[in-house]
Amino acid sequence: MTLRFVGIDPNTGGGGSPTVWVEEESADLVLQGAEAEALLKAMVGGTEWVPGHAAGIPAHETVIRIPVRMASILRKACDVAEQRAGLR
């Protein structure tokens, strides 16, 4: 597995920070961010966002929070992922 670094929260203080990579083989986005607080996880997990799709957060998934100041980094990561996957 090879990760291509795309960007890190520009307000990082040198510790753990929201970060974005693209996994080279699958072109998947890989995100590191603050785990969502209990109230947000309850909102996400308790709502049927798509009719007929089960509500809840599966044990193998989590909800993370990425700051809006990273929007341009996420756009760049999407571009890199689409290029890697041959969609562009």
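These notebook entries record what I looked up in the predicted model of this protein.

**Entry 1. Overall layout**

I began with the secondary structure and found two helices and five strands. Read from the N terminus, the elements follow the order β-β-β-β-α-β-α. I then took the extent of the C-alpha atoms along the principal axes, which gave a box of roughly 35 × 35 × 25 Å. The chain has 88 residues, of which 24% count as buried. For the accessible surface I noted about 6100 Å², with 56% of this area belonging to carbon and sulfur atoms. I also looked at contacts between residues at least 6 apart in sequence, and 46% of these join residues at least 24 apart.

**Entry 2. The β2–β3 hairpin**

I next examined how β2 and β3 are arranged. The two strands pair in the antiparallel sense, over four bridges. T19 has Q32 of β3 as its bridge partner. Together β2 and β3 make a hairpin, and five residues stand between them.

Which residue in the turn has a positive phi? I found that A27 does, at about 65 degrees. I marked this value because most residues other than glycine have a negative phi. A27 is not a glycine, and yet its phi is positive.

**Entry 3. E24 and its surroundings**

I stayed in the loop between β2 (19–23) and β3 (29–32), where E24 also lies. Leaving aside residues up to four places away in sequence, I listed T2, R4 and R84 as the residues that E24 touches. With a relative accessible area of 18%, E24 is buried.

One of these contacts is also a salt bridge: R84 pairs with E24, and the closest N and O atoms are 3.0 Å apart. R84 belongs to helix α2 while E24 sits in the loop between β2 and β3, so this pair ties together parts that are 60 residues apart in sequence.

**Entry 4**

I turned to the charged side chains as a group. I noted 8 positive and 11 negative charges, whose mean positions are 8 Å apart. Side chains of opposite charge can pair when their charged atoms come close. How many salt bridges does the model contain? The count comes to four, and I looked up two further examples.

D9 forms a salt bridge with R69, with 2.6 Å between the closest N and O atoms. This pair links distant parts of the chain, 60 residues apart: D9 is in the loop between β1 (3–8) and β2, and R69 is in the loop between β5 (64–65) and α2 (71–84). I recorded D9 as buried, its relative accessible area being 4%. R69, by contrast, counts as partly exposed at 42% relative accessibility.

K41 and E35 also meet through their side chains in a salt bridge, at 2.5 Å from N to O. Here K41 counts as partly exposed, with 26% relative accessibility. E35 has a relative accessible area of 53% and is therefore exposed, since the cut-off for that class is over 50%.

How values were computed: Residues are numbered from 1 along each chain as its sequence is written. This is a predicted model: local features need pLDDT of at least 70, side-chain atom pairs count only at pLDDT 80 or more; totals for chains, interfaces and linings use all residues. Side-chain values use heavy atoms; hydrogens and water are left out. Buried means under 20% relative accessible area, exposed over 50%, partly exposed in between (1.4 Å probe, protein chains only). Contact means heavy atoms within 4.5 Å. Two strands pair if DSSP finds at least two bridges between them. Accessible areas come from the Shrake-Rupley method with a 1.4 Å probe; for residues, only the protein chains shown count as cover. Lys and Arg count as positive and Asp and Glu as negative; His and the chain ends are not counted. The place of a charge is taken as NZ of Lys, CZ of Arg, CG of Asp or CD of Glu.
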